[in-house]
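This report describes selected features of one protein model. It covers charged pairs, a helix, several loop residues and a surface patch.

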Amino acid sequence: MEEVSERIMRQTLEAFIYEGIMDTERAEQEWLFTGIKADGGIVHYSCQADEKWSFGRIKIKKGSIRREGEICCNIYVFLEELLQNKLSGLLTDQFIHELLETLVKDQQSKELQPEHISAEDRHYEALESHMTDGHPYHPSYKSRIGFSLTDNMAYGPEFNQNVHIHWVAVNEELTDVSVSPETSLNEIVKQHLTEEDITQFQQIVQEKGNSRKKYIFLPVHPWQWEHRLQSLFTQQWADKDMISLGTSSSAYRPQQSIRSLSHRSNAEASYIKLSLSITNTSTSRILAHHTTQNAPLISNWLFKIIQNDPFLLKEQFQLLREVMGISFRYDEMQSIPYRLAYGTLGAIYRENISVCLEENEEAWPLNALFLIQKNGEPFIQKAIDQHGIRPWSEALIRTVTLPIIHLLYAHGIALESHAQNIILVVENNFPKRIIVKDLHDGVRYTPDKLLRPDWAPKLHPEPETHRKFNRYSFLQTENVSEVRDYTYDAFFFICMTEICFAFEKLGLSEIEFWQNCAQTILTYQEAHPEYKERYEIFDLFSENALVEEMTKRRIYGDSELYFRSVKNSLRLAKDLLL
């Protein structure tokens with residue numbers, strides 16, 4: 001418990017200091033700040049922290065948080081004095097709840113975590129289950145609000161339990177299906193349902209359904225079935241517009257996003273991303289209707305771009321296409337059930353990694369690069385020992401960065417390319433190429449700045465209710481800086497910075513890391529003078545970068561957008577190179 005408590009306290013303070021939520025005084029590496037005790041008196045806290053070269057990120061030394069000069073291990077006192085009694089944010093109590101849920105959920109996972117990842121588990125699906133650390137910056141990195149500890153054990157990816165999907169038959173007239181042209185709903189469903197499953201489900205429909213209605217089979221997460229669907233769709237059950245079919249025979253493995261599942265016995269079956277009405281990392285994990293319908297459209301658009309781009313083909317860049325999205329049609333509901341049920345019944349089917357891998361290639365979730373196993377050994381230690389930190393890091397930076405910046409510069413498209421959405425393909429433990437995934441709501445572009453605007457899909461717009469709920473969720477913008485900043489935020493500020501910190505522990509300095517990043521971009525620009533104007537439009541070397549204040553947003557809500565301007569590490573590194 002102390003280990004997890006201390007991590008939550010550190011990440012909370014790091015975010016508070018970095019985002020300006022807390023006033024501090026600084027004396028070299030010591031940071032001083034105050035809390036408010038239960039009786040209203042002032043209490044003094046301190047910690048040892050570095051202001052890192054990487055975007056000025058704050059990293060607190062483990063075990064250095066002190067209260068009145070004594071090591072502080074009591075997370076409840078910490079939360080009371082620094083959050084509950086001091087912050088006036090609308091969502092402060094909710095945020096504290098998320099932190100305490102993170103405490104108990106992460107403690108549970110630490111108790112059962114293996115000492116190291118076994119050789120037989122060093123494949124993509126199993127590695128997804130071993131990515132147990134959660135978000136490295138966000139304080140409530142494993143809150144999973146809605147899960148009991150029993151649920152967490154049953155459905156948390158780190159526990160690697162068999163999950164059996166519940167299925168429902170829904171009146172076809174009340175569903176929307178978007179599917180890639182090279183496949184069909186029936187073909188995809190047959191990857192997941194055996195002939196015996198289909199026969200059994202058809203018999204249930206015949207016995208319990210309405211013969212005048214045609215039904216579609218929809219997968220449902222078992223937690224969602226137990227806790228949401230039975231009560232939210234009362235009218236549909238009564239009208240025989242929805243019929244429970246029970247569970248299918250196949251077992252699934254939860255991936256690190258929790259609501260995405262991989263088939264355990266059919267290695268080629270698509271992954272299924274299901275709606276799950278829990279809150280994790282402060283975000284509700286439902287599936288909005290428009291995202292399910294846009295998923296294949298966006299995948300097909302990006303796939304067409306890749307197939308017609310010599311540079312991306314040379315880099316062997318790929319994506320796991322989202323080949324089908326299916327959703328209940330909520331706009332048929334009255335306002336009250338609409339508000340309660342929106343986003344709770346839907347699925348996105350994503351290509352399996354097996355369709356992308358060649359012989360002798362292995363796929364790792366990119367966040368495996370900063371995974372420390374329970375025995376204290378970094379996951380990538382053996383690869384570094386084999387190849388050396390500098391050759392390996394240089395190859396990694398080039399491999400990961402080039403496709404991301406080419407999409408931005410050449411095509412005007414930014415991806416939400418944080419580490420969980422990037423798959424690193426290695427050969428002989430050496431970086432070779434990347435595959436990206438989870439794209440249905442993870443792209444951003446300005447339509448008239450696209451290289452081929454005529455290829456852009458006609459997307460289903462997000463409803464006004466969705467925009468009010470999540471002002472940060474949009475795909476198109478008229479402001480090109482928002483496209484560039486999307487790349488800064490997810491890719492450089494979070495993803496690459498965490499990789500930088502991991503490499504620093506293995507002997508590569510922050511400055512050398514960012515110089516390698518800057519040199520990779522400069523070399524690309526020199527090789528592609530045809531995009532010179534776009535280097536200015538999407539300026540990755542601007543003096544400052546705009547990054548989201550994620551924790552401030554969680555405390556104060558979405559009534560306004562929270563971003564902060566920070567010193568751009570790429571610009572600083574470029575200046576050192578010149």
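A salt bridge is counted here when a side-chain nitrogen of Lys or Arg lies within 4 Å of a carboxyl oxygen of Asp or Glu. The model is predicted. Side chains of opposite charge can pair when their charged atoms come close.

## Salt bridges

Lys-214 and Glu-172 form such a pair through their side chains, with an N to O distance of 4.0 Å. The two residues come from distant parts of the chain, 42 residues apart: Lys-214 belongs to the loop between α7 (195-208) and β9 (215-220), and Glu-172 to the loop between β7 (166-171) and β8 (175-179). Lys-214 has a relative accessibility of 55% and therefore counts as exposed. Glu-172, at 34%, counts as partly exposed.

A second salt bridge joins the side chains of Arg-350 and Glu-322, at 3.9 Å from N to O. Arg-350 is part of strand β18 and Glu-322 is part of strand β17 (residues 322-328), so this pair ties together parts that are 28 residues apart in sequence. Both Arg-350 and Glu-322 are buried.

Glu-549 and Lys-552 make a further salt bridge, in which the closest N and O atoms are 3.3 Å apart. Glu-549 is buried, as is Lys-552.

| Pair | N to O distance | Burial |
| Arg-350 and Glu-322 | 3.9 Å | both buried |
| Glu-549 and Lys-552 | 3.3 Å | both buried |

In total the structure holds 35 salt bridges. Some charged residues are linked in a network of salt bridges: Asp-106, Lys-110, Lys-142, Arg-144 and Glu-158.

Helix α16 covers residues 480-505, which is 26 residues. From its first C-alpha to its last, α16 reaches 36 Å, close to the 38 Å expected at 1.5 Å a residue. At Tyr-488 the helix α16 bends by about 35°. Of the 26 residues of α16, 21 are buried, so the helix is largely enclosed by the rest of the structure.

Gly-507 follows α16 and has a positive phi, near 110°. Leu-508 sits in the loop between α16 and α17 (510-527). Its relative accessibility is 1%, below the 20% limit, so Leu-508 counts as buried. Neighbours within four places in sequence aside, Leu-508 is in contact with Ile-389, Arg-390, Ser-393, Phe-503 and Phe-513. One of these, Ser-393, is 115 residues away from Leu-508 along the chain, and the two C-alpha atoms are separated by 8.4 Å.

## Met-131

Met-131 is another loop residue, placed between α4 (124-130) and α5 (149-155). With a relative accessibility of 8%, Met-131 counts as buried. Apart from neighbours within four places in sequence, Met-131 is in contact with Gln-256, Pro-365, Asn-367, Ala-368 and Leu-371. The C-alpha atoms of Met-131 and His-44 are separated by 36 Å, and these two residues are 87 residues apart along the chain.

Most residues other than glycine have a negative phi. Phe-55 has a positive phi, near 60°. Phe-55 is in the loop between β3 (42-51) and β4 (58-60). At 2% relative accessibility, Phe-55 counts as buried.

Asn-360 also has a positive phi, near 75°. This residue, Asn-360, lies in the loop between β18 (346-350) and β19 (361-365). Is Asn-360 buried or exposed? Its relative accessibility is 57%, over the 50% limit, so Asn-360 counts as exposed.

## A nonpolar surface patch

Leu-546, Leu-561 and Phe-563 make up a nonpolar patch on the surface, and their accessible area together is about 220 Å². Leu-561 counts as partly exposed because its relative accessibility is 37%.

Terms used:
Residues are numbered from 1 along each chain as its sequence is written. This is a predicted model: local features need pLDDT of at least 70, side-chain atom pairs count only at pLDDT 80 or more; totals for chains, interfaces and linings use all residues. Side-chain values use heavy atoms; hydrogens and water are left out. Helices (H or I, at least four residues) and strands (E, at least two) are DSSP runs, numbered from the N terminus. The expected span of a helix is 1.5 Å times one less than its number of residues. The bend at a residue is the angle between axes fitted to the seven residues ending there and the seven starting there. Buried means under 20% relative accessible area, exposed over 50%, partly exposed in between (1.4 Å probe, protein chains only). Patches are made of residues with over 30% relative accessible area and no salt bridge: like charges are joined within 9 Å, nonpolar side chains (Val, Leu, Ile, Met, Phe, Trp, Tyr) within 5 Å. Accessible areas come from the Shrake-Rupley method with a 1.4 Å probe; for residues, only the protein chains shown count as cover. Contact means heavy atoms within 4.5 Å.
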